[in-house]
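Subject: Structure for your review

Dear colleague,

Please find below the structure that I am handing over to you. I would ask you to look at it first and then to read the notes that follow.

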Amino acid sequence: MELIIDIVISSLLQAAPLALATFAIVLIFRTSLTTNFAQGMIGTTSAYVTSYILMPNFMTDGRVPEPNFMQYFLAIAAGILVGFLISLLVDVLIFRHAKRINAVSKQIITMGIILILTGLIPLLFGISDRSLPRLGANLKNTFLDDVIEAIRSMLATLGVRVGPHIIIGFILSVVILGTLFLMLRYTKWGLGVRATASNEMVAGMMGVNTRTITAMSWAIAGALGGLAAIFVSSNKGTYGNVTTYFMISIQVQAFFAAILGGFSTFYGPIVGVLILTVFNNIFNVYLNPWGTTSLYLAVMLVVLIKPEGLFGKKTVKKV
Amino acid sequence: MNKLKVKFKELQAHPFFGFIIFGVLLLLIPIFSKYISVTVIDAFAKTLIYFIVALGFSILMGYAGLASLGTSSFIAIGTFTLYSGMTYFNLGFFLTLLIALIIALALGVLFGIVSLRIEGMYLAIVTLGLSEILVELFKNLDKFTGGVSGTNLDKFTLFGLELGSNQVFIFLIVIVIVAMMATFNIISSPTGRAMLSIKNNQSAAQAMGISVIKYRLMAFMIATVFATIGGIFYMAYVKYSIASSWNLALSLNILAAVIVGGMKSIWGILLGTFTIFGLDLLVFKNIPVLAQSNYANLSFVISGVLIILVIMFYPDGLIGLIKNTYYKIKTKLKKKESNHEEEIK
């Protein structure tokens with residue numbers, strides 16, 4: 001029983017990157033009616049940019065970059081900016097002109113973007129894997145470190161042991177996602193997104209600038225993808241933790257979480273993420289090495305029974 | 001003499017004529033293999049293998065309209081079944097082939113059943129998940145797949161004879177031609193038309209009495225069988241297969257080959273396969289500057305750009321573009337001729 005509590009709490013903490021990636025996918029789905037397969041790859045590019053800024057050459061002897069707080073912060077910001085710009089460009093150059101294309105073809109366009117980025121990454125950054133230091137490794141003897149240590153010791157009394165990077169990821173994600181949800185509810189952009197999501201044409205006629213709304217949604221999604229990639233890299237250790245395909249499993253899980261929660265609301269997928277992460281960890285403890293397999297099969301069973309997801313609304317088809 | 005000419009014209013009009021000519025041309029490669037470098041022959045063999053896979057995928061994508069991302073894991077199943085059947089269980093080629101086909105059909109049914117409930121956009125996601133499951137399976141079943149280090153096929157035997165790479169190539173050409181004929185028959189039969197009608201409007205097709213279940217399952221079964229056969233020949237020719245090489249990028253490249261060439265035309269798919277895979281294997285890998293490891297994925301960039309361009313501007317693919325320009329030039333020439341005649345008058 002204690003193990004289950006431990007798993008549940010630590011899973012909720014670890015769900016941060018997945019929640020960001022899933023929110024980004026749902027945001028794009030609501031405004032552009034496509035599932036962005038390139039989300040993970042854009043995030044990967046961000047992580048590559050960050051690691052390139054910190055250490056332009058990969059060290060085969062196992063050395064990893066050791067930036068101070070400000071350096072790391074700026075490098076991450078640059079990486080996220082690149083994700084933001086790539087995603088913005090994808091919308092401005094491609095999806096703005098692809099409104100009449102059917103949904104599956106739009107998906108295929110995003111698959112084309114995956115191929116482009118997969119080809120560009122070794123061209124720009126070399127073929128070897130790259131390294132990113134763990135988040136929070138450079139905070140020793142600062143105020144922030146004391147706060148994180150306090151939280152960690154509090155969690156330790158509950159029997160939950162997690163690294164500082166997971167705490168940082170959790171806090172940042174809660175803040176960011178909270179802000180985004182508030183923005184969706186109370187700002188003009190949020191109103192625009194909701195209007196565009198429910199009916200793009202009518203929203204346009206009512207004076208919503210759907211172009212800017214869609215472009216901003218793509219850009220924000222790209223930035224979230226970049227941040228998610230940096231969190232994931234921290235989960236994968238410190239040496240050689242950034243590889244070309246390292247976001248694919250997150251991408252698949254984000255899609256599954258979104259399907260599980262249903263694409264038609266913003267909160268549904270986030271609940272889906274929490275359910276998915278908890279069960280992922282439980283399955284990985286009890287059903288090793290078939291954890292991921294049984295997780296995917298379980299989600300598929302749920303989706304086969306309820307194709308519109310747990311919180312989705314059924315769309316009525318008209319002939 | 002005249003009779004012969006008429007007969008030849010009749011033959012030429014037959015749809016299989018082009019396929020046979022293509023096969024005969026391909027046969028020149030193994031015949032003159034002494035004078036062609038090994039990398040070129042390998043490139044042709046691999047491209048032809050991916051062509052078989054792409055033919056199956058075109059029925060799924062172009063005719064049934066189902067975008068699936070599981071292609072590379074189906075190829076992997078072919079490679080690993082051939083390895084385990086021939087090396088691990090010592091079953092001989094035909095029994096192994098039979099088992100591979102049964103596995104492929106079963107998987108096709110599984111994917112097809114999933115596709116019945118989950119439609120359109122979600123299908124690509126779910127097939128991506130299913131293929132991730134298969135990748136996990138390959139990693140864990142290391143007895144049959146070699147796990148992370150891959151498997152080597154020592155030799156490929158048929159009727160007790162060991163086939164060298166040249167003989168396997170000839171066998172491959174025969175299968176390619178058979179696959180082209182089979183695809184042609186499927187797409188120009190009621191089956192193909194039924195699939196197309198479901199793609200264009202499912203509700204209307206159902207109202208006309210077309211069974212969606214039957215044709216979706218069939219489309220998936222055809223695609224998996226073609227991919228598995230492609231995998232078997234990959235293993236027979238290359239003789240090495242590793243789970244990590246059957247990744248998402250390969251599935252996407254197959255998809256690119258089908259879309260870029262023109263989803264609904266066999267020659268279009270051939271053109272697409274040679275653009276996506278042939279260009280990389282035949283040209284880029286042989287240019288010293290581009291053969292550096294940094295440029296290893298250069299062809300991916302081109303495939304990606306081509307996919308986007310074709311989807312946005314040329315839905316009929318390169319073959320459609322070629323046909324269009326051909327007709328445009330033809331009509332222009334005709335106009336010029338008629339203008340010329342008028343001037344003479």
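Lys239(B) counts as buried because its relative accessibility is 18%, and the cut-off for buried is under 20%. Its place is the loop between α11 (212-238) and β4 (240-241) of chain B. The phi angle of Lys239(B) is near 70°, which is a positive value in a residue other than glycine. Please bear in mind that this is a predicted model.

Asn90(B) is not a glycine, yet it has a positive phi of about 55°. It is found in the loop between α4 (71-88) and α5 (93-117) of chain B. Is Asn90(B) buried or exposed? With a relative accessibility of 65%, Asn90(B) counts as exposed, since the cut-off for that class is over 50%.

Chain B as a whole

Chain B contains 15 helices and four strands. Its C-alpha atoms fill a box of roughly 80 × 55 × 50 Å along the principal axes. For 345 residues, a compact globule would have a radius of gyration near 20 Å, and the 22 Å of chain B agrees with this. Of the 345 residues in chain B, 51% are buried. If one takes the contacts between residues at least 6 apart in sequence, 78% of them in chain B join residues at least 24 apart. The accessible surface of chain B is about 16500 Å², and 66% of it belongs to carbon and sulfur atoms. Chain B carries 25 positive and 14 negative side chains, with the centres of the two sets 7 Å apart.

Chain A as a whole

Chain A has 13 helices and zero strands. Its radius of gyration is 20 Å, close to the 20 Å that the globule rule gives for 319 residues, so chain A is as compact as a globular protein of that length. The C-alpha trace spans about 60 × 50 × 40 Å along the principal axes of chain A. Buried residues account for 55% of the 319 residues in chain A. Among contacts in chain A between residues at least 6 apart in sequence, those that join residues at least 24 apart make up 76%. Chain A exposes about 14300 Å², and 68% of this is supplied by carbon and sulfur atoms. There are 21 positive and 11 negative side chains in chain A, and the centres of these two sets lie 18 Å apart.

Where the chains meet

The area buried between the two chains is about 4100 Å², and carbon and sulfur atoms give 80% of it. On the side of chain A, Ile108(A), Leu115(A) and Leu304(A) lose the most area to chain B, together 16% of what that side buries.

Leaving aside neighbours within four places in sequence, Thr293(A) is in contact with Ile133(B) and Glu136(B). Thr293(A) counts as buried because its relative accessibility is 7%. Its C-alpha atom is separated by 9.2 Å from that of Phe283(A), which is 10 residues away along the chain.

Yours sincerely,
A colleague

Technical notes. Residues are numbered from 1 along each chain as its sequence is written. Chains are lettered from A and ligands numbered from 1 in the order in which they are written. Side-chain values use heavy atoms; hydrogens and water are left out. Helices (H or I, at least four residues) and strands (E, at least two) are DSSP runs, numbered from the N terminus. The radius of gyration is taken over C-alpha atoms; the globule rule is 2.2 Å times the number of residues to the power 0.38. Buried means under 20% relative accessible area, exposed over 50%, partly exposed in between (1.4 Å probe, protein chains only). Contact means heavy atoms within 4.5 Å. Accessible areas come from the Shrake-Rupley method with a 1.4 Å probe; for residues, only the protein chains shown count as cover. Lys and Arg count as positive and Asp and Glu as negative; His and the chain ends are not counted. The place of a charge is taken as NZ of Lys, CZ of Arg, CG of Asp or CD of Glu. Buried area is the accessible area (1.4 Å probe) that two parts lose on being put together, summed over both.
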